[in-house]
Amino acid sequence: MLGVSLLPLIALLVRGVGWGADSFAFYSVACGNTQYASNLSSNFFSGFLSLIGCNFVLTSFVQWFFYAIALFSLWEISKKVLGEHAWLLPVYVGTLTPLFFIEGLRFENDLFGWSLMLVALAVMYRGIQLKSPYRWLMLVLSSVIGLISYNAWSGSIILVPIAVILTDLKLRDKQIIIISLGIAFVLLNLGYILGSFNFDLATMVSEEIPLLGLVFILPILHYWNKIPQPFFIYGLGLLVLGCLKSKYMFLVTPFLVMALILKEKREGLWLKDLKIEPMLFVAIFSISFIIMPLNMYPTSSDIQEMELLISYYNDNNIPIYNDWGDGWTFIYLGYDTNYKSSPPQPDWNNLTPPFYVYTRQEIDCEKLNKNTYLCS
């Protein structure tokens, strides 16, 4: 389990640079550019960034710590249905699909929010099992951690219904409460959910594309109808949410993996007459997860190209225009661009030359480097 938790950390240290477009916004604020703190989705989290500082190795270890405690919390929570096999859940979740691993690479408030909420739920579950006065202390501690989690990332509220599931209420009562909470969530976030059906390619963000997340869980998707009770209704709801908003698909993977583990231990996993050993895939995917990020954009060479372009700007005072998805990276590297956070792209054809362009598109200007152009 510890080894699986280390995979994102090893990948980041081998890469030598962070990953994720929004991660560089948080890196930038951590490095002292507090004027951009208001652009982040959590003012509370901005204060935490100043404590971490600008050391990439340190920030990577901080990410690992929260990712690790999240995986250990999954182990605790899953004991309710998996018993002695619960330790397999974080191992499989961290390797059999790339979704949790990818979340562990991102230096964003999301990681800190959902990981702390899982910790809060694990503390609560341990607390309700106690019969001593410490029970209420554990429940209070759980509530405090949960509030910190919500302030770090408001999306972590999606995990709160697990608290109901972990209680000793009757299954029917749990289902009624979960369905009621689900309806309330939909009504309160109807505009956000309906936004999933905006298919404007000019403004669409990859993590918001409906159904895209299914690609990453295809090997375990067919276990959706075997998600064990009392998690079935909730897990199914998360699957629907992940289909609408792909960024949330990682949250359903623990429940699909629960079903896989139960089938493995009861019947074994078979492909016709061939028995499947998940641990073999754990080993293979663990290695590939360390290698894969080496070529994930931006690589260290991409960062060096951006730094070189910024030096051109400093030498020649010719402005730079960039793809909006690279905006926070340029800000992190020291160039203040207006094209960040969200579309639209710069209109290359209606800008006053001369200007530099950093884009992964092909444009009709002099190409200076892999993604660098001079329009004169």
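I began with the cysteines: taking the bonded ones of the protein chain in sequence order, I get the pairing 1-2, 3-4. A disulfide here is a pair of cysteine sulfur atoms within 2.5 Å, and by that rule I count two.

A note on the source: this is a predicted model, where local features need pLDDT of at least 70, side-chain atom pairs count only at pLDDT 80 or more, and totals for chains, interfaces and linings use all residues. Residues are numbered from 1 along each chain as its sequence is written, and side-chain values use heavy atoms, with hydrogens and water left out.

Next I looked up cysteine 31 and cysteine 54, whose sulfur atoms lie 1.9 Å apart. Their S-S torsion is about 80°, so I noted this disulfide as right-handed. The two cysteines are 23 residues apart, with cysteine 31 in the loop between α3 (23-30) and α4 (43-52) and cysteine 54 in the loop between α4 and α5 (56-82). Helices (H or I, at least four residues) and strands (E, at least two) are DSSP runs, numbered from the N terminus.

Then I turned to cysteine 365 and cysteine 375, again with sulfur atoms 1.9 Å apart. Here the torsion is about 105°, so this disulfide is right-handed. Cysteine 365 sits in the loop between β4 (355-358) and β5 (366-367), and cysteine 375 in strand β6 (residues 372-375).

Is cysteine 375 buried or exposed? At 5% relative accessibility, I put cysteine 375 down as buried; buried means under 20% relative accessible area, exposed over 50%, and partly exposed in between (1.4 Å probe, protein chains only). Cysteine 365 is partly exposed at 25%.
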